[in-house]
Structure formats: structure tokens, C-alpha cells
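This report describes a protein chain from its overall build down to single residues. The sequence and the structure come first.

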Amino acid sequence: ASMTRPLAAASTGALSSSVQAVANSQGYGVEDSDIDVTVNQSSAALTQADGGGTLQYTDGTAVFSALGTSNNVTAVGTNVSNQRMVINQSMTGARTQASVFAAAGNAQDINAQATVTANNINATGVGGEHDLTVSQTNSAYVRSQVDLTSFEFGSASANAYGVGNSV
């Protein structure tokens, strides 16, 4: 006969746990030069990042995070860089989601954060032309959820952020 041992509750001094789901992502970086880019991103995916954990005890900081993005473009220009970009993004899938489920019996500092964006563009430039033409459409369900519980805690924070289109 075999004996099943009960699972030990987790204890730690500090913890950082993150998950991410990204359907499409493109990045560009230029320095002292020009860039002319056309980007077409389309996703019909179910983009979902779910994470979290359960702790019995931590005397430090425990951070749980989730990031879900269906379409992403990141562009950086430095010094004298001219950026001319045409970006088209479309999300038609079932949903874009980020969720965190975290629990602790006793936590000094526990944080849970979920961030979800169906279509995201982050473009920065210094010292040059920055010409951005954007079209973003989203017909998908966007969900950001945090479920954080702790019996005893020093500090706790839960943050959920969700947006369909972001520039």
C-alpha cells in the first residue's frame, strides 16, 4: 500500500511570479537614422494569461502579475531619428485576458496586478520627426481580473487595468 503525503504549504522570504500571453508583437529601434515602417497586425486568437499562487507565509514581498496583449508595436528613436510609421491593428478573437489569483495566510507585503490590452502602440522619439498614422479596431472581450486574499498582512494591493486600444 502506498501512502500519500500531504502537500507542504509554501513559505518564502520573497517571491516574484509573472505570466504573459502575447499574440503579435513587433519592435523597432533607431539611432541617428530614419525609419519608414508599415505594420499590419491582425489577431483572431484567444489571448489569455492567468497566474497566481498560494503562500502560507512570507516575511518579505510577494508579487504576482499577469500581462495579456493581442497586438503590440514598440518603437524607439534616439538622438536625431526620424520615424514615419503606419500601424494597423485588428483584434477579432474571443477575448484578451489577464488574471491573477493569489492568496496568503500571512504576508508582510503582497501585491497582485493584471494588465490587458487588445491593441497597443508605444512609440517614443527624441530629436527628430515623429509621424504616426494609426488604425486600431477591437471587437473582442477585454478582461482584467485580480483576486487577492490574505488572512494577515502588513500591506496588500490589487490592481487590474484593461483597455481595448492604446496609443
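## Overall build

The model is predicted. Along the principal axes, its C-alpha atoms fill a box of roughly 65 × 35 × 30 Å.

Among contacts with a separation of 6 or more, 83% join residues 24 or more positions apart.

Buried residues account for 32% of the 167 residues. The accessible surface is about 8800 Å², and carbon and sulfur atoms hold 48% of that area.

## Nonpolar cores

The largest nonpolar core has 13 residues, and the members that touch the most others are Leu-55, Ala-62, Phe-64, Ala-98, Val-100, Ala-104 and Ile-110. Two elements, β4 (47-78) and β6 (95-125), each give two or more residues to this core. The largest share, nine residues, comes from β6. A second, separate core is made up of nine residues, including Val-37, Val-39, Ala-75 and Met-85.

Ile-110 belongs to the largest core. Leaving aside neighbours within four places in sequence, Ile-110 is in contact with Ala-62, Phe-64, Ala-104, Leu-148, Ser-155, Ala-156 and Ser-157.

## Ser-157

Ser-157 is part of strand β8, which covers residues 141-166. The residue is partly exposed because its relative accessible area of 26% lies between the 20% limit for buried and the 50% limit for exposed.

Beyond neighbours within four places in sequence, Ser-157 is in contact with Ile-110, Asn-111, Ala-112 and Leu-148. Val-63 is 94 residues away from Ser-157 along the chain, yet their C-alpha atoms are separated by 9.6 Å.

## Thr-96

Thr-96 is located in strand β6. Its relative accessibility is 0%, so Thr-96 counts as buried, the cut-off being under 20%.

With neighbours within four places in sequence left out, the contacts of Thr-96 include Thr-47, Gly-68, Thr-69 and Ser-70. Also in contact with Thr-96 are Met-91, Val-116, Thr-117, Ala-118, Tyr-141, Val-142 and Arg-143.

Terms used:
Residues numbered from 1 in each chain as written. Predicted model: local features only at pLDDT ≥ 70, side-chain atom pairs only at ≥ 80, totals over all residues. Heavy atoms only, no water. Core = buried A, V, L, I, M, F, W, Y, C linked by side-chain atoms within 4.5 Å. Buried < 20%, exposed > 50% of the residue type's maximum accessible area, 1.4 Å probe, protein only. Helix = DSSP H or I, 4+ residues; strand = E, 2+ residues; numbered from the N terminus. Contact = heavy atoms within 4.5 Å. Areas by Shrake-Rupley, 256 points an atom, 1.4 Å probe, with all protein chains shown as cover.
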